[in-house]
Amino acid sequence: RESDHRAWTPVTCTVTRQNATVQGLTEGKAYFFRIAAENIIGMGPFTETPKELVIRDPITVPDRPEDLEVKAVTKNSVTLTWNPPKYNGGSDITMYVLESRLIGKEKFHRVTKEKMLDRKYTIEGLKEGDTYEYRVSACNIVGQGKPSFCTKPITCKDEIAPPTLDLDFRDKLIVRVGEAFSLTGRYSGKPAPKVTWLKDDIVMKEDDRTKIKTTPTTLCLGILKSVREDSGKYCVTVENSTGSRKGFCQVTVVDRPSPPVGPVIFDEVHKDHMVVSWKPPLDDGGSEITNYIIEKKDAHRDLWMPVTSATVKTTCKIPKLLEGREYQVRIYAENLYGISDPLISDEMKAKDRFSVPDAPEQPIIKDVTKDSAVVVWNKPYDGGKPITTYIVEKKETMATRWVRVTKDPIFPGTQFKVPDLLEGCEYEFRVSAENEIGVGDPSPPSKPIFARDPIAKPSPPINPEAIDKTKNSVDLSWQPPRHDGNSKIIGYLVEYQKVGDEDWKKANLTADSCPETKYKVTGLTEGLTYKFRVKAVNAAGESEPAYVPDPVEVKDRLEPPELILDANMAREQHVKAGDTLRLSAVIKGVPFPKVSWKKEDHEVSPKADIEVTGVGSKLEIRNTVHEDGGIYSLTVENPAGSKTVSVKVVVLDKPGPPRNLQISEVRSDSCYLTWKEPEDDGGSVITNYVVERKDVASAQWVPISSSSKKHSHMAKYLMEGTQYLFRVAAENQFGRGPYVETLKPIKAVDPLHPPGPPKNLHHVDVDKTEVSLVWNRPDRDGGAEITGYLVEYQEDGAEEWTKFQTVPMLDCVVTGL
């Protein structure tokens, strides 16, 4: 029945199951239902639903929540967000259940205890390094829905992000002195970066004027009341474990300049003007100096007058001065930001500084004849007073005394014809100027001239021809010209031209560098063809050119090397030690061969002087020693071939010391010496050996043989018991070599031998523990007195002898047996 009706309406009476579907109901209305069971006897009592049911679609649990995301991870927390399910199951969501599972475990555990409707949650208290996955479910009145899809496994660790840096300032910043400035910006990074400020690569710290402020996201450096020294390159570094970022700013703190650097120098002083100079300021205030302001004042007045404010040079002319007055100058430097303090000069009087005239420049001589010449000069600086006269002097070039050419004054002209020269003599001339102060210094002497009538240019040289060539040079030859123009030929000018070019190039710049009738033109390019011409030159000038008939192609003329040996390069060269060894040879070949000296196929000694000229080579060794001997070879080589010659050099010298001096067969009056010949015989046969001896107590060596050719000697007539040293030296025709000496003194004594055996040993008495023995003296005592007898005994059958004692007499009682 409907809840607001009283009447029941049957649904069906044919239901045999324990459920039934009621159809034909109206959505939104409330109904009560009742059921009764029925059998063949009849129908039983009804059972009624306890409360009304509103008819609507069925309610289910919600769908799974969507977009479960991890928003932040640290070493002990994870923050998650998600979106609600697409369908809430027909009922409002009452809460969300968040679950986590430690990777490696099977079960999910609920994270939230409380009822949670927020769609964001931070799980805290996790263990660093652990890895979890998460899921979330939605609940409604029906119950808990399906869980969302799991997150990826999340490991608890601090997030890492490289630093970022966003600056509010540009690369360059200009600040006026006294103003404050700040450098600001924003930064980020995980873990939180460290912020460092540097100026000119030095870490900055806070002080009265420097303020550094850093928040988790912003950074700031402030400078209060800036000074010039605050200029520099500022750098901010943002750094964490993942990297670093840097920002730079070139800060220029500008000010008016410092004063110009003194002292003020008075470069020129005149009666109506002065020229002063100074040095720029040490500090331009960080901005280029735009100009200097110059003022002047009479030293006895207080008023400064402007001179100029437009100069950028560090020099200035101070005009409009009154002669005889003293003046001071002051100078300011100016830049865009202001005017410096002034630099003030000392006082200076305005007056002319007069002097004698300067020396004229070197005079020029023209129109020379056999008895006269014209001297020409330029007017010099007059020293402040007008020049009144010039003094012209002459001298013969070999003489030392200058002579005035006339007593008459020479003025105002600056040239003078000098008369009365001697034909053929060589003269120099000089000029000085005079004013009312005095005579100035003379000019440098003119170039020397010969007093003779003018001369003509020579005729051209005759028959120029190319007589030799290499890959970069050509040798030319010609005959002198037929006419020398009444003047000695100074020399010749040689010119060449590459075939196809128009310009002629000079091979020699001056004629006096080629006085002969031949010349080697160098610096040419291999394989090219050149034309050549020659001019003769005398004092009058150059002749017309004479041409080599045919062009010449520049390439090497090949001639194999040739050696012409000097006498000192015979097959064997003997030189005495201490003398000089000279080896030399004439060398020919085109191109000139490369020369190398070797000794036994090695480089020659550094003490050897080797000289190579265009015609030969020489090797010289001064103060030769025996080691300089050997086989020397000279090799010459060019592209056409090579040639080698050798010479054996023997350096003759005194022999070396004998070897292996031995002493044997020492007696009371003699001993026997033996030795071996020296390793080095000095290049000559050893003629004899010198043997000497010396008493240890004496300083004098005594010769005992000087003519022996043998390697042994019997030293006789020694004093018994005396200690001797011996020495031996070898001699050849060049002298006596060094001695070899015995290392230890030899004592002249007969050799000692052990004594003979005692004779006739027998016992004379026997007891149970002792035996009495007697014996006779031995036949020989070995060369020394017998000091005692050693008694030993041996048990019969044993191997060892047992020492008993040493006795001085010829008998002994052996006890303890």
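How many residues lie between S56 and S57 in the hairpin that they form? The hairpin has six residues between its two strands, and Glu-665 in the turn shows a positive phi of about 50°. Strands here, like helices, are DSSP runs numbered from the N terminus (strands E, at least two residues; helices H or I, at least four). Strand S56 (residues 659-664) runs antiparallel to strand S57 (residues 671-676), and four bridges join them; two strands pair if DSSP finds at least two bridges between them. Gln-662 has Thr-674 in S57 as its bridge partner.

The model is predicted, with local features requiring pLDDT of at least 70 and side-chain atom pairs counted only at pLDDT 80 or more, while totals for chains, interfaces and linings use all residues. Residues are numbered from 1 along each chain as its sequence is written, and side-chain values use heavy atoms, leaving out hydrogens and water.

Rings of Phe, Tyr and Trp (its six-membered ring) were paired if their centres lie within 6.5 Å, with planes under 30 degrees apart counted as stacked, over 60 as edge-to-face and the rest as tilted. The count by this rule is 15 aromatic pairs. In one of them, Phe-181 and Tyr-234, the ring centres are 6.0 Å apart and the planes stand at 85°, so the pair is edge-to-face. Phe-181 belongs to strand S15 (residues 181-190) and Tyr-234 to strand S20 (residues 232-240), so that distant parts of the chain, 53 residues apart, are linked.

Trp-278 is in strand S23 (residues 274-279) and Tyr-292 in strand S24 (residues 291-298), so the pair ties together parts 14 residues apart in sequence. Both Trp-278 and Tyr-292 are buried. One aromatic cluster is formed by Trp-377, Tyr-390 and Phe-411.

Charges also sit over rings (NZ of Lys or CZ of Arg within 6 Å of the ring centre and within 35 degrees of the ring normal). The charged end of Arg-34 is placed over the ring of Phe-46, 3.9 Å from its centre, and that of Lys-395 over the ring of Trp-402, 5.5 Å from its centre.

Gln-497, in strand S40 (residues 491-498), is buried, with a relative accessible area of 8%.

Key:
Buried < 20%, exposed > 50% of the residue type's maximum accessible area, 1.4 Å probe, protein only.
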